[in-house]
Amino acid sequence: MARYNPAMTALRRRSFMIGSGGLALAATLGRNTGLAADKPVLVNSIRSLTNPYHATWNKGGAAFAKSVGCEYVTLVTEGNSEKGIADIRAILARTNGNMVLNVDPNDSPDARPIVEACVKAGAHVVTQWNKPADLHPWDFNPYYVAHISFDGVRYGEETANHLIQAIGGKGGIVALGGILSNTPAIERKAGLEKALAAHPDVKLLDFQVAEWLNTKAHDIVAAWITRFGSDIKGVWAANDDMGTGALEALRAEGLAGKVPVTGIDGIKLAVDAVKAGEFAATVSWDPFWQGAMGLSIPYHARIGAFDPTKEPKLHREFYGTGILVTKENADAFAKEHIESDPNLDFNDLWGRISGPIRQS
Amino acid sequence: MSVSSGPSPLALPGRERRALYRARLRAWAPLLVLIGLCLLIDIGNPRFLTIANLVRVATAAAIPLVLALGTTFVILLGSIDLSLEGVLAVGSVLTSLLAANDANSLSFGLAVVPVAVLAGALIGALNGALHVGFRIPSFMVTLGIWFAGVGLATVLLGGGTVRVLEPLVRDVALTRVLDLPVLVWIALAVLLLAWVIQEYTPLGRYMYVIGGGEDIAALSGIPINRTKVAVFTLAGAFYGLGGVMAAAQLGVGNAMIGDGRLFPSVTAVVVGGTSLIGGEGGVLNSLVGVMIVTVLANGLVLLGVSPYLQQAIQGLMIIAAVAVSIDRVRSAIVK
């Protein structure tokens, strides 16, 4: 065997690295020139595909992409901000900026680097739910097309009002909140507090954080039953997953249907529970709409169907419209939204604006 | 929790006698912590030590106990099993798709239980085989299998959630025998099984030897590879059963049913006195550890502790419980 010569090995290793680096560079350059004239790639960035809400969002995006004949890509953050931003940068590089992005950022601060990366690459972007209060689409014309959110305060209050109505206007209720630092958690809790302030006969016995998870909600409600027993007349949950976990804990004590629960998100389980009289109300954001229109808006901006700079601020930052699901409309809602995919007009860009976003 | 028997303590010189007492105290520390916790919580809210609440605590502890028992065996080896959440997801999804549900017309009733347990065992066997065959550290293998498991569950369900309608499966959580849900009895049966495996089978003894010193075990002719694969398989079977129990308790199968369950499981094992290096601890330690973690969570809600403080308190509790039970003299090197 030849004598091991570190110098020679280092030289050979270096030339190998340079050679393969050059090859990789050539490959990427070669690929990019081909994409320039193509249709834009449509990209949805969401938390995960393991929850029904985002799974439906993804279906909406795929349906829209099919309707305009564009390539469709789904990115999942798995609750990891760094991964979310890195994946977006990677696809901006791959498509050379010829793409539109519909992103549900993992956390508010993530929106800024994402928007800046898209603007730099020349890709059109729509953000939903989370963004810093001082980040505005009109400061990043024309690429940051819009920000869509839903009024957590309004819907937290509406579901709380329905719960209070279901328990007869007085008594004790308990409340389950989402992750403390999430904007929707903070807003929905504020809505709950508004409803409570307006109904002095209803008392909030306790508020606990179940972090949007049904398992945590289940265990917390079980402990509450020990602590408060039959003083609990209703359970308010900031989302459906926690609401269904709470419902199962009540069921184990024989209280399902006797103690009403409310949630938010409008997932199938919650709608079924509303039909069965176990949930008093839930709110659907229509994630199919969010996944589809969140792509349609930047797509139409990119192909020149409208100019974002000429649109009013109401079209750049707005609240969408949630659908309150109660016993009265649960059957109709299930038929239209759950048993089949909703029939959307992808060209109706501004039809669901319910108001400007509260500037705090 | 055993301290070697030898000459009567009173016959030993002062320093050695004190060391022996300290060792005994350390062995019993987790149990003393648990008792102390129960008393403190009861002073704060006398409803804690009522039968109704203790039943709820037992119900909340049932699934974590089954999971922690599987994890204990792997940790005794000196390895770690991170695939818990993935196997749980697969187990719950299989249960929800094969028993009567709202997504398809299959209805295999309680036959889903052995199917889910077998699936868990197979995934565990895969863990063991990859770890032993390719000499990949258990941390890496089980990390990969965790994500693969959640991914498989996602693919099977298309990201959705399936409701379990089979009354026999739901009854596992909803019917009570002697006032305890069937879930709790299953957990106790698994505990008994795990204890028998640990104390009365060669597999159980080999776990300790491999954890205590793998090189010595090899020299003694112990079948290390076979034992490791068997232990991972057993752990996977426990997690699969945990998946059935979770689907029964929550009435759904979905890929995120395991979210957030790994950390409490490992915490319970460590707090109970099982060393992460291996070779020390056991099934009864994990029982105490699971009870500490569950009682603490229940107690914090009963005492009305602000949600902002709860995580901080749980973290401090873990540090305190481990500090009380580790042997600082023997472990001169601390990493």
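**Exercise 1. Two helices of chain B**

Determine how α6(B) and α10(B) are oriented to each other in this predicted model, and which residues join them.

Solution.
- Step 1. Locate the helices: α6 of chain B covers residues 167–174, and α10 of chain B covers residues 224–250.
- Step 2. Take the geometry. The two helices pack at an angle of about 85°, and their axes are 7 Å apart.
- Step 3. Classify the angle. Angles from 65 to 115 degrees count as roughly perpendicular, and α6(B) and α10(B) are therefore roughly perpendicular to each other.
- Step 4. List the contact residues. α6(B) contributes Val169(B), Arg170(B), Val172(B) and Ala173(B), while α10(B) contributes Met245(B), Ala247(B), Ala248(B) and Gln249(B).
- Step 5. Sort them by class: this contact of α6(B) with α10(B) has 6 nonpolar, 1 polar and 1 charged residues.

**Exercise 2. The overall form of chain B**

State how many helices and strands chain B has, and what its radius of gyration is beside that of a compact globule.

Solution.
- Step 1. Count the elements: there are 13 helices and 4 strands in chain B.
- Step 2. Take the extent. The C-alpha trace of chain B spans about 75 × 55 × 35 Å along its principal axes.
- Step 3. Compare with the globule rule. For 335 residues a compact globule would have a radius of gyration near 20 Å, and the 21 Å of chain B agrees with this.

**Exercise 3. Where chain B touches chain A**

Find how many residues each chain puts into the contact, and which helix of chain B gives the largest share of its side.

Solution.
- Step 1. Count the residues: 33 come from chain B and 27 from chain A.
- Step 2. Name the helices. On the side of chain B that touches chain A, at least two residues each are supplied by α2 (51–76), α5 (138–157), α6, α10, α12 (283–302) and α13 (307–325) of chain B.
- Step 3. Pick out the largest share: α2(B) gives 5 residues.
- Step 4. Divide the side of chain B that touches chain A by class, which gives 15 nonpolar, 14 polar and 4 charged residues.

**Exercise 4. The domains of chain A**

Describe the domains assigned to chain A and the contact of domain 1 with domain 2.

Solution.
- Step 1. Read the assignment. Domain 1 of chain A consists of 41–150 + 287–320 + 342–356, and domain 2 of 152–284.
- Step 2. Take the separation: the C-alpha centres of domain 1 and domain 2 of chain A lie 31 Å apart.
- Step 3. Count the contact, which takes 6 residues from domain 1 of chain A and 7 residues from domain 2 of chain A.
- Step 4. Classify the side of domain 1 of chain A that touches domain 2: it has 4 nonpolar, 2 polar and no charged residues.

**Exercise 5. Backbone details in chain A**

Locate the cis peptide bond of chain A and the positive phi of Glu78(A).

Solution.
- Step 1. The cis peptide bond joins Asn141(A) and Pro142(A), with omega about -10°. Pro142(A) sits in the loop between β4 (124–128) and β5 (144–149) of chain A.
- Step 2. Glu78(A) is not a glycine, yet its phi is positive, about 55°. Glu78(A) belongs to the loop between β2 (72–76) and α3 (81–95) of chain A.

**Exercise 6. Confidence**

Identify the stretch of chain A where pLDDT stays under 50.

Solution.
- Step 1. Take the mean values. Chain A has a mean pLDDT of 87, with 91% of its residues at 70 or more; chain B has a mean of 87, with 94% at 70 or more.
- Step 2. Find the stretch: residues 30–36 of chain A stay under 50, and the model has 6 contacts beyond four places in sequence for them.
- Step 3. Draw the consequence: where pLDDT is low, the predicted coordinates should not be read in detail.
- Step 4. Note the model's scores, ipTM 0.74 and pTM 0.78.

Methods
Residues numbered from 1 in each chain as written. Chains lettered and ligands numbered in written order. Predicted model: local features only at pLDDT ≥ 70, side-chain atom pairs only at ≥ 80, totals over all residues. pLDDT = per-residue confidence, 0-100. Domains from an automatic or database assignment. Nonpolar A, V, L, I, M, F, W, Y, C, P; charged D, E, K, R; others polar. Axes fitted to C-alpha atoms, helices over the stretch in contact; angles between N-to-C directions. Parallel < 35°, antiparallel > 145°, perpendicular 65-115°, else oblique. Rg over C-alpha atoms; globule rule 2.2 N^0.38 Å.
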